[in-house]
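Trainee: I have a chain open here and would like to go through it with you. Could we begin with the side chains and then turn to the strands?

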Amino acid sequence: MKKHVIAALAGTVAGVIATTQIAGPLVAQEAVQESSVYDQLNLFGDIFERVRAQYVEEVPTDELVRAAINGMLTSLDPHSSYLSAKDFEDMQVQTRGEFGGLGIEVTQEEGFIKVIAPMDDTPADKAGILAGDFITHVDGDPVSGLLLDDAVAKMRGPIGSEIIITIVRQGTPEPFDVSIIRDTIKLTAVRGRVVGKTIVLRITTFNDQTTTGVAAELKKGLEELGGMANLDGVVVDMRNNPGGLLNEAITVSDSFLDKGEIVSTRGRDPKSGERYNAQPGDLIEGKPIVVLINGGSASASEIVAGALQDHRRAIVVGTKSFGKGSVQTLIPLRGDGAMRLTTARYYTPSGRSIQALGISPDIVVQQPVPPPADEAAAEGEKSAARRDRSEADLRGAITNDSMTDEEKRLYQEEQQRAEESAKLRDEDYQLAYAVDIIKGLTAISGDKP
């Protein structure tokens with residue numbers, strides 16, 4: 001008994017000694033770090049006062065403070081920044097789907113402004129701005145060295161006013177100027193159309209209208225087709241979709257999933273991680289899905305593509321996405337401004353981060369560069385002139401006796417739909433490819449008699 005007591009006492013004493021030996025340096029280290037923080041803040045205060053007192057021109061104090069805060073945040077990564085009260089208000093308006101400007105989502109790369117994606121039917125889109133373009137000048141003034149928010153501010157202006165931006169584009173030897181007229185940007189988050197027996201959902205952004213827009217366009221398309229039984233599948237087109245609200249990406253993914261993880265986020269504190277799972281209910285009841293992406297697909301659109309790809313719920317077609325795998329939190333600040341701070345990375349259901357890597361398509365399909373209008377017209381005339389003749393064109397050809405009149409009618413309608421789908425290749429090759437995949441999946445699934 002005595003031996004056990006002694007052993008216990010010895011252990012306690014040893015524990016006290018060990019704790020003292022470790023805790024002492026820790027306390028000292030924390031004190032040094034605290035002192036270092038205050039020394040750095042004092043240094044900042046000295047510089048702030050020196051600039052305010054001795055700079056060649058008087059600078060308003062609030063501008064100095066804003067620039068200092070923004071400089072600290074933008075040094076972290078391209079997506080963290082300070083938002084003034086006006087910028088914060090503009091962002092809130094943008095998530096509701098209407099704002100003024102050019103209609104491009106941009107980021108900063110190596111000191112220049114890089115276009116993530118132009119938004120559909122906006123002044124930038126109509127002017128021919130492409131994902132991956134670099135903006136080097138705005139109205140002749142260089143943007144190199146400017147903070148991202150300052151460069152964006154230079155591109156803002158009164159609706160109806162002209163702006164000239166200088167573009168550097170890969171594959172184009174010389175920079176060139178583009179004139180754009182600023183306008184009110186009214187974003188329709190989702191547009192639907194029926195191609196053959198496929199519903200195409202064009203998702204341009206993830207704002208607070210996106211999930212309801214997906215449901216509404218699906219309902220409209222199903223009514224046009226005459227019900228779910230006549231649906232071959234759905235193409236979700238998220239090309240040049242720069243992203244938006246995380247919760248909308250989750251609910252859009254959930255629209256096509258019955259169960260399983262959609263996305264997880266992991267921040268600096270392991271306890272702060274979040275995991276989002278699908279709820280039962282697939283709006284198209286398991287029908288095939290093809291997701292279209294390209295280099296302008298970023299953030300929320302990559303979450304949707306990654307979730308549907310990992311669950312084998314969709315075939316992803318197109319080119320590699322942008323690769324923005326981080327989550328920004330908007331933190332309101334005093335004075336009605338806000339801080340946009342990167343607080344986590346997000347991961348697809350299989351546990352992969354797409355940060356700087358992007359989503360790789362299951363099938364890589366490049367979008368061909370359209371030929372000049374005069375060449376396209378000449379080629380069209382040649383195609384019409386050499387249209388293939390068939391047996392039915394021959395004089396006196398005997399009739400087909402294996403089909404009833406109703407079967408012939410249905411067969412001819414199917415042929416017409418196939419021809420319409422083929423015409424789509426001239427308009428949008430990637431989309432036509434996606435529709436063909438849906439048709440192929442349906443043909444081998446046994447859904448058709």
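Trainee: How many aromatic pairs does the structure hold?

Mentor: The structure holds two aromatic pairs; rings of Phe, Tyr and Trp (its six-membered ring) pair if their centres lie within 6.5 Å, and planes under 30 degrees apart count as stacked, over 60 as edge-to-face and the rest as tilted. Please note that this is a predicted model, where local features need pLDDT of at least 70, side-chain atom pairs count only at pLDDT 80 or more, and totals for chains, interfaces and linings use all residues. Residues are numbered from 1 along each chain as its sequence is written, and side-chain values use heavy atoms, with hydrogens and water left out.

Trainee: Which residue lies over the face of Y347?

Mentor: R266 does, at 3.8 Å from the ring centre. A charge sits over a ring if NZ of Lys or CZ of Arg is within 6 Å of the ring centre and within 35 degrees of the ring normal.

Trainee: Now the strands. Is β11 mostly covered or mostly uncovered?

Mentor: Strand β11, residues 198-203, is mostly covered, with six of its six residues buried. Buried means under 20% relative accessible area, exposed over 50% and partly exposed in between, with a 1.4 Å probe and protein chains only. Strands (E, at least two residues) and helices (H or I, at least four) are DSSP runs, numbered from the N terminus.

Trainee: Which way do its side chains point?

Mentor: T198, V200 and R202 point one way from β11, while I199, L201 and I203 point the other way. In a regular strand the side chains alternate between the two faces of the sheet.

Trainee: What joins β10 to β11?

Mentor: Six bridges join strand β10 (residues 190-195) to β11, and the two run antiparallel; strands pair if DSSP finds at least two bridges between them. V190 stands opposite I203. Two residues lie between the strands of this hairpin, where G196 takes a positive phi near 65 degrees.

Trainee: And how many bridges join β11 to β12?

Mentor: Five, and here the strands run parallel, β12 being residues 233-237. I199 has V234 as its bridge partner in β12.

Trainee: What is it in contact with, beyond its neighbours in sequence?

Mentor: Leaving aside neighbours within four places in sequence, D336 is in contact (heavy atoms within 4.5 Å) with A85 and F88. D336 and A85 are 251 residues apart in sequence, yet 4.9 Å apart in space, C-alpha to C-alpha.
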